[in-house]
Amino acid sequence: MNGTLAPWACDPRRSRGRRIAQPPAPPRNEHQRDRDRIVHSTAFRRLVYKTQVFINHEGDLFRTRLTHSLEVAQLGRSVARALRLNEDLVEAIALAHDLGHTPFGHAGQDALHECMREHGGFEHNLQSLRVVDRLEVRYPAFDGLNLTFETREGVLKHCSRRNAERLAATDPGGPARRFLDGTQPSLEAQVVNLADEMAYHAHDIDDGVRSGLLTMDQLDEVPLFVHWREQVLAEHPALRGQPGRRLLFETLRRMLSAQIAELVRHTAAAVARHAPADVDELRRLPALAGFGEPLREQTTQLRRFLFAALYRHPQVVQTTALGRQVVAELFDAYRAAPREMPEDFAGADDLPRAVADYIAGMTDRFALREHHRLTGRRLFDGA
Ligand code: MG
């Protein structure tokens, strides 16, 4: 349960509500109820077999979208608690933020976007909203999970102007509106965005070293990492040059703790300066959650490093290129033979969108199985 909420926090008792009104479900408040709906959804269970950076079958210890989402929820809740924000809402947004991700990480999404170029494109944030608004099939009276505005607002992190106009036309009071008005989402949503970034920066270093694609020496290029590593070594000199993972873990642990402390400090100061009366006033202000210098600059350096050294590592590029090919070939196969999809998708009026929805929902391994079934080829060893 939340402690006393700050005046600018999202109070569940003052939620803008659900698209289809439903009676309350005590003892849960409306955002706890959203969180529960997300945890029970099919899309949430699929996150366990979706790639973050490493394809699911590459190893059992790498992050998947499920463990990533749990880490985001945990970091986000720590920050929310310290800032007297709505922890339940932060948890709901964090657990739902990646529901729209395709199999094979960003490569899968790029491939699907390319396939959908003539048909309105594909954006994973928009797809996360589509999953909770329409694609989950659970309730007798409506499609989707019928979540509160505040959770949907947090899920729709980015949106192109064209898509925002299209969404706002059918849902004028919905979460796309802010991309046309140029306003910010709730502070809870802003915190989840930053928790997302902090989580993947830290766990991608961890997974990168674990996989052997990154070395501890390469991390000398990352001042933020070096700062905390030197502090650990000063306190535990025996760790220098030792094999094993204690130095890495302890460095990452301190790095994350420092980021959280700085996020809380900087955000609390920004909020105090503006002192918004409530969340609606906060939405009209510039984004208030963030880091001050030098952490902001150090975070940018870390992101650049991960792009160059890990996300564009030849081995990552090679496997993600195969993932891209799987998605593109599945798209063509289902468009040519829609009856290969379940009836809900095969009978849809907008076939390209239905194919994209069907593929986007797949786990990595289901996509590989379907690809093999429909093409007779196996693109991944051991898959
Ligand atoms: Mg994420």
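**Exercise 1. The lining of the largest cavity**

*Solution.* Start with the list: Ile 93, His 97, Asn 125, Gly 154, Val 155, Lys 157, Ala 189, Val 192 and Asn 193 form the lining of the largest cavity. Next, apply the classes: Ala, Val, Leu, Ile, Met, Phe, Trp, Tyr, Cys and Pro count as nonpolar, Asp, Glu, Lys and Arg as charged, and the others, Gly among them, as polar. The lining of the largest cavity then divides into four nonpolar, four polar and one charged.

Now place the lining on the fold. Two elements, α7 (149–155) and α10 (187–211), each give two or more residues to the lining of the largest cavity, and α10 supplies the largest share, three residues. (Helices are DSSP runs of H or I with at least four residues, numbered from the N terminus.)

A word on the model before you go on. This is a predicted model, in which local features need pLDDT of at least 70 and side-chain atom pairs count only at pLDDT 80 or more, while totals for chains, interfaces and linings use all residues. Residues are numbered from 1 along each chain as its sequence is written, and side-chain values use heavy atoms, with hydrogens and water left out.

**Exercise 2. A second cavity**

What is the volume of the second largest cavity, and which residues line it?

*Solution.* The structure holds two cavities of 30 Å³ or more. Leu 239, Gln 242, Pro 243, Gly 244, Arg 245, Arg 246 and Leu 247 line the second largest cavity. By class, its lining has three nonpolar, two polar and two charged residues.

**Exercise 3. The metal site**

Find the donors: which residues coordinate the magnesium ion?

*Solution.* Look for N, O and S atoms within 2.8 Å of the metal (3.2 Å for Na, K and Ca); water is not among the atoms, so sites may look incomplete. At 2.1 to 2.7 Å you will find His 68 (NE2), His 97 (NE2), Asp 98 (OD) and Asp 196 (OD). Along the sequence, these donor residues are spaced H-x28-H-D-x97-D.

**Exercise 4. Aromatic pairs**

Classify the pair Phe 307 and Tyr 311: stacked, tilted or edge-to-face?

*Solution.* The structure holds four aromatic pairs. The ring centres of Phe 307 and Tyr 311 are 5.1 Å apart and their planes stand at 90 degrees, so the pair is edge-to-face. (Rings of Phe, Tyr and Trp, its six-membered ring, pair if their centres lie within 6.5 Å; planes under 30 degrees apart count as stacked, over 60 as edge-to-face and the rest as tilted.) Both residues lie in helix α14 (residues 295–311), four residues apart, about one turn of the helix.

Now compare Phe 345 and Tyr 358: with centres 4.9 Å apart and planes at 45 degrees, this pair is tilted. The pair links distant parts of the chain, with Phe 345 in helix α16 (residues 343–346) and Tyr 358 in helix α17 (residues 351–360), 13 residues apart. Phe 345 is partly exposed at 22% relative accessibility, whereas Tyr 358 is buried at 12%.

Notes:
Buried < 20%, exposed > 50% of the residue type's maximum accessible area, 1.4 Å probe, protein only. 1 Å grid on protein atoms, 1.4 Å probe; cavity = no way out; pocket = protein on both sides within 12 Å on 5 of 7 lines; lining within 4 Å. Points joined across faces, edges and corners; volume = space filled by probe spheres on them.
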